[in-house]
Amino acid sequence: MSSISARIVQPGLSPNPRIRNVIAVGSGKGGVGKSTTAVNLALALRAEGARVGILDADVYGPSIPAMLGLSGKPESPDNKSIEPMRAFGVEAMSIGFLVDADMPMIWRGPMATSALTQLFNDTRWGDLDYLLIYLPPGTGDIQLTLAQKIPVAGAVIVTTPQDIATLDAKKALKMFQKVEVAVLGIIENMAVHVCSKCGHEEHLFGEGGGQRMAAQYGVPLLGSLPLDISIREQGDAGRPVVVSAPDSSVAEAYRQAAQALVEQL
């Protein structure tokens, strides 16, 4: 039996009996490295001994299968429910497992939200300590369905330091607060670039945006992650940096963010 306890979820919803803590990972906008952050956070939590799953809620552009190096179709033992796929000790589910990789999902909002609830409810999740749900950009149908129908322990906001990113991240934060989902903290991605040749540090996307946002809204800054070529290379190769280079400073940054997240829970 796990020693990790379940956190209180939104009013009117009951926790899933097999999942102690559902954590939403959102940003309000695309291009801030949300999927990469979600995958490496999940793997960092797994490295600490937790039982972890990840649900790809971006039905229009699923990327989690590629980042975890997964392919093929999940099994359905009863033609009603589906077995999650598994990689590096983490359970995973995505619409990307059920459709061809190059097939566009030309769906209206109700179809997308129905897909989200089905993937959550019909997947035969194991006994999980944490299920991370990677959200698409925006504050629309998918996010509202998550808040209204899925018991969420809390949300993590991913942003880059630049003002144009934090503007949208603030909207995502306020949305979660409005629908009574606790905001556990902010992760600042691409905070600093260290030259692989000379070691020079440069803040390509500005400096301190995540810290200022955290201070403004009274939530913790869970971590500042570097802009490092190994994160992109290993993600593209299907072996995220937390498992491909566990002793690196980059992997350590993800582990520290994961530990800060657990402390908030």
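How many of the six residues of β7 are buried? Six of its six residues are buried, and the strand is mostly covered. The model is predicted.

- Eight strands form an open sheet with mixed pairing, in the order β3-β4-β2-β5-β1-β6-β7-β10.
- Strands of a sheet pair through backbone hydrogen bonds, in either a parallel or an antiparallel way.
- Strand β6 (residues 154–159) and strand β7 (residues 183–188) run parallel and are joined by five bridges.
- Thr159 has Glu188 as its bridge partner in β7, and Ala155 has Val183 as its bridge partner there.

**Helices packed on the sheet**

- Helix α1 packs on the sheet and touches β1 (19–26), β2 (52–56), β4 (90–94), β5 (128–134), β6 and β7.
- The direction of α1 makes about 175° with that of β5.
- Helix α5 (residues 163–178) also packs on the sheet, where it touches β1, β6 and β7.
- The direction of α5 makes about 175° with that of β6.

**Helix α1**

- Helix α1 covers residues 34–47, which is 14 residues.
- From its first C-alpha to its last, α1 reaches 20 Å, close to the 20 Å expected at 1.5 Å a residue.
- Twelve of the 14 residues of α1 are buried, so the helix is mostly covered, where buried means under 20% relative accessible area.
- The buried residues in α1 are Lys34, Ser35, Thr36, Thr37, Ala38, Val39, Asn40, Leu41, Ala42, Leu43, Ala44 and Leu45.
- Just after α1 comes Gly49, with a positive phi of about 100°.

- Helix α9 has 16 residues, which should span 22 Å at 1.5 Å a residue; its end C-alpha atoms are 23 Å apart, which agrees.
- Buried in α9 are Val250, Ala251, Ala253, Tyr254, Arg255, Ala257, Ala258, Ala260 and Leu261.
- The axes of α1 and α9 (residues 249–264) come within 9 Å and cross at roughly 75°.
- Angles of 65 to 115 degrees count as roughly perpendicular, and α1 and α9 are therefore roughly perpendicular to each other.
- On the α1 side the contact is made by Thr36, Thr37, Asn40, Leu41, Ala44 and Leu45; on the α9 side, by Tyr254, Arg255, Ala257, Ala258 and Val262.
- By class, this contact of α1 with α9 has seven nonpolar, three polar and one charged residues.
- An α-helix has 3.6 residues a turn, so residues three or four places apart point the same way.

**Two buried residues**

- Gly53 has its place in strand β2, and with a relative accessible area of 0% it is buried.
- Gly53 and Glu91 are 38 residues apart in sequence, but 4.3 Å apart in space from C-alpha to C-alpha.
- Neighbours within four places in sequence left aside, Gly53 is in contact with Val90, Glu91, Leu128, Tyr130, Leu131 and Leu132.
- Ser63 lies in the loop between β2 and α2 (64–67).
- Ser63 has a relative accessible area of 19%; the limit for buried is under 20%, so Ser63 counts as buried.
- With neighbours within four places in sequence left aside, the contacts of Ser63 are Ser35, Asp56 and Tyr134.

**Positive phi in residues other than glycine**

- Most residues other than glycine have a negative phi.
- Asn79, a residue other than glycine, has a positive phi near 60°.
- Asn79 is in the loop between α2 and β3, and counts as exposed at 73% relative accessibility.
- Phe88 also has a positive phi, near 55°, in a residue other than glycine.
- The loop between β3 and β4 holds Phe88, which counts as partly exposed at 31% relative accessibility.

Definitions and conventions:
Residues numbered from 1 in each chain as written. Predicted model: local features only at pLDDT ≥ 70, side-chain atom pairs only at ≥ 80, totals over all residues. Heavy atoms only, no water. Helix = DSSP H or I, 4+ residues; strand = E, 2+ residues; numbered from the N terminus. Expected span 1.5 Å × (residues − 1). Buried < 20%, exposed > 50% of the residue type's maximum accessible area, 1.4 Å probe, protein only. Axes fitted to C-alpha atoms, helices over the stretch in contact; angles between N-to-C directions. Parallel < 35°, antiparallel > 145°, perpendicular 65-115°, else oblique. Contact = heavy atoms within 4.5 Å. Nonpolar A, V, L, I, M, F, W, Y, C, P; charged D, E, K, R; others polar. Pairing = 2+ DSSP bridges.
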